[in-house]
Amino acid sequence: MTILVTHCRQVNVAKVCRFRQHFRQSVDFMSCNSLKLSSSNMSKRKVFVTRPDVPAAGLNMLKERFDVSTWSEERPVPREELVKQVQGKDALFCMLTDKIDKELLDNAGKHLKVIGTMSVGYDHIDVAEVRSRGIRIGYTPDVLTDAVAELTIALLLATSRRLFEGHQQILDGKWSAWAPTWMCGVELKHSTVGIVGFGRIGQGVARRLNGFSVNRILYSGRYEKPEGKEIGATHVSFDDLVSESDFIIVTCALTPETKEMFNDAVFAKMKQNVIFINTSRGGVVDQPALQRALENRTILAAGLDVTTPEPLPPTHPLLQLKNCVIVPHIGSATTWTRGEMCILTARNIIAALDDKPMPAEVL
Ligand code: DGY
């Protein structure tokens with residue numbers, strides 16, 4: 001498509017030039033060039049990308065077809081700038097750090113046709129408000145499933161085998177000699193693992209867990225899923241999952257129903273030696289309640305890829321706890337996955353601007 005548009009423009013310019021030549025009119029380079037400029041400006045739709053550091057493959061797909069502008073700094077675009085930049089754009093390529101709400105949409109104007117978020121989660125978008133204006137939303141499921149599932153397992157092992165704590169012991173000069181009970185953790189083998197959010201990522205985690213000889217994999221949710229049987233996971237109520245699991249892994253989306261679903265009452269129902277892992281969104285957890293549960297040893301440990309707020313300030317009390325492992329929202333952060341997420345976002349935007357079915361549309 002890209003080649004076509006560029007080609008078309010050149011053909012039009014060339015046609016005009018040939019036509020003029022035919023009538024022995026002289027066309028100087030400048031006039032031909034200015035014709036090229038105005039013709040391209042007229043036809044190109046405008047896309048705003050909220051960061052300059054998105055992988056090139058996806059960005060170039062957009063640049064070949066559209067008039068693309070990007071926020072200039074490698075940090076989330078400030079709100080005032082985003083509100084300003086979205087005006088008159090046909091498409092917005094955004095991140096999970098950009099809040100898409102009524103105010104922003106009011107400013108965008110009537111041209112805005114599609115919002116493509118380079119994320120699978122879209123809790124930063126007021127979906128109802130966007131839909132009410134007939135604007136389409138693209139997101140990036142599937143391409144990041146394996147990366148997030150792998151990171152979840154990494155976090156699970158880092159927490160249960162106390163990897164960060166052990167590393168810190170070395171730095172603090174506390175590694176004296178091998179000792180029989182020093183730095184002991186817990187094993188996944190023979191354990192019960194509960195997964196809250198048995199979608200693509202939750203199932204990816206469950207499949208990987210089968211390699212660790214766990215005893216049972218439980219999942220909760222409104223419905224039993226056909227993949228559960230195939231993976232060997234059992235559908236149970238949320239309460240049963242919470243009280244029976246040795247490891248609880250959260251991979252669900254943040255919605256009004258899941259917001260702060262892990263609160264004091266829920267932590268109190270867990271086994272005392274439970275390890276709690278969250279790779280979904282910080283908002284699913286009542287974070288002060290988690291902190292209390294870790295401090296009081298209501299639960300054994302937690303591993304978090306997501307927090308409230310993000311970034312978590314380095315002085316945050318959760319970071320002082322030995323039994324809490326935190327990584328900076330890097331679930332999908334592999335070079336391949338981020339590249340694919342960017343390409344899929346670009347494909348979503350291109351499809352929507354062409355009035356075609358999007359590869360991954362929030363419906
Ligand atoms: C997403 O895409 O929503 C993930 O949280 C990114 O890691």
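**Basis and confidence**

This is a predicted model, in which local features need pLDDT of at least 70, side-chain atom pairs count only at pLDDT 80 or more, and totals for chains, interfaces and linings use all residues. Residues are numbered from 1 along each chain as its sequence is written, and side-chain values use heavy atoms, with hydrogens and water left out.

The chain has an average pLDDT (the predictor's confidence in each residue, from 0 to 100) of 90. At least 70 is reached by 88% of the residues. Helices (DSSP runs of H or I, at least four residues) and strands (runs of E, at least two) are numbered from the N terminus. Confidence is lowest in helix α1, residues 2-22, with a mean of 34. Strand β10, residues 275-278, has the highest value, 99. Over residues 1-40 pLDDT stays under 50. For that stretch the model has 20 contacts (heavy atoms within 4.5 Å) beyond four places in sequence. Where pLDDT is low, the predicted coordinates should not be read in detail.

Strands count as paired if DSSP finds at least two bridges between them. Seven strands make an open sheet with parallel pairing, ordered β8-β7-β6-β9-β10-β11-β12. The edges are β8 (233-235) and β12 (324-326); each has a single partner strand, so one side of each is left without a neighbour in the sheet. Neighbouring strands are turned by 20 degrees against each other on average, direction ignored. Angles run from 0 to 180 degrees between N-to-C directions, with axes fitted to C-alpha atoms, for helices over the stretch in contact.

Five parallel bridges link β6 (residues 192-196) to β7 (residues 216-220). One partner pair is T192 with R216 in β7. Helix α7 (residues 145-160) lies across β9 (247-250), β10, β11 (301-304) and β12, at about 150 degrees to β10. Helix α13 (residues 287-295) also packs on this sheet. Helix α13 touches β10, β11 and β12, and its direction makes about 140 degrees with that of β11.

**The five-stranded sheet**

The order here is β2-β1-β3-β4-β5, in an open sheet of five strands with parallel pairing. Strands β2 (67-70) and β5 (136-138) are the edges, and each pairs on one side only. The twist averages 15 degrees from one strand to the next.

Strand β1 (residues 46-49) pairs with β2 in the parallel sense over four bridges. K46 has D67 as its bridge partner in β2. Helix α3 (residues 56-65) lies across β1, β2 and β3 (91-94), running at about 135 degrees to β2. Helix α14 (residues 335-353) packs on the sheet and touches β1, β3, β4 (114-117) and β5. The direction of α14 makes about 165 degrees with that of β3.

**The ligand site**

The table lists polar contacts (pairs of N or O atoms within 3.5 Å).

| Residue and polar atom | Distance to a ligand oxygen atom |
|---|---|
| V120, backbone | 2.7 Å |
| G121, backbone | 2.8 Å |
| S332, side chain | 2.9 Å |

On its own the ligand has 230 Å² of accessible area (Shrake-Rupley method, 1.4 Å probe). The protein covers 93% of that area.

**Backbone exceptions**

Most residues other than glycine have a negative phi, and most peptide bonds are trans. T308 and P309 are joined by a cis peptide bond, with omega about -5 degrees. The bond from E310 to P311 is also cis, with omega near -5 degrees. P309 sits in the loop between β11 and β12, and P311 is found in the loop between β11 and β12 too. D142, a residue other than glycine, has a positive phi near 70 degrees. D142 belongs to the loop between β5 and α7.

Terms used: A polar contact is a pair of N or O atoms within 3.5 Å; within protein, one must be able to donate a hydrogen and the other to accept it, and residues adjacent in sequence count only if both atoms are side-chain atoms.
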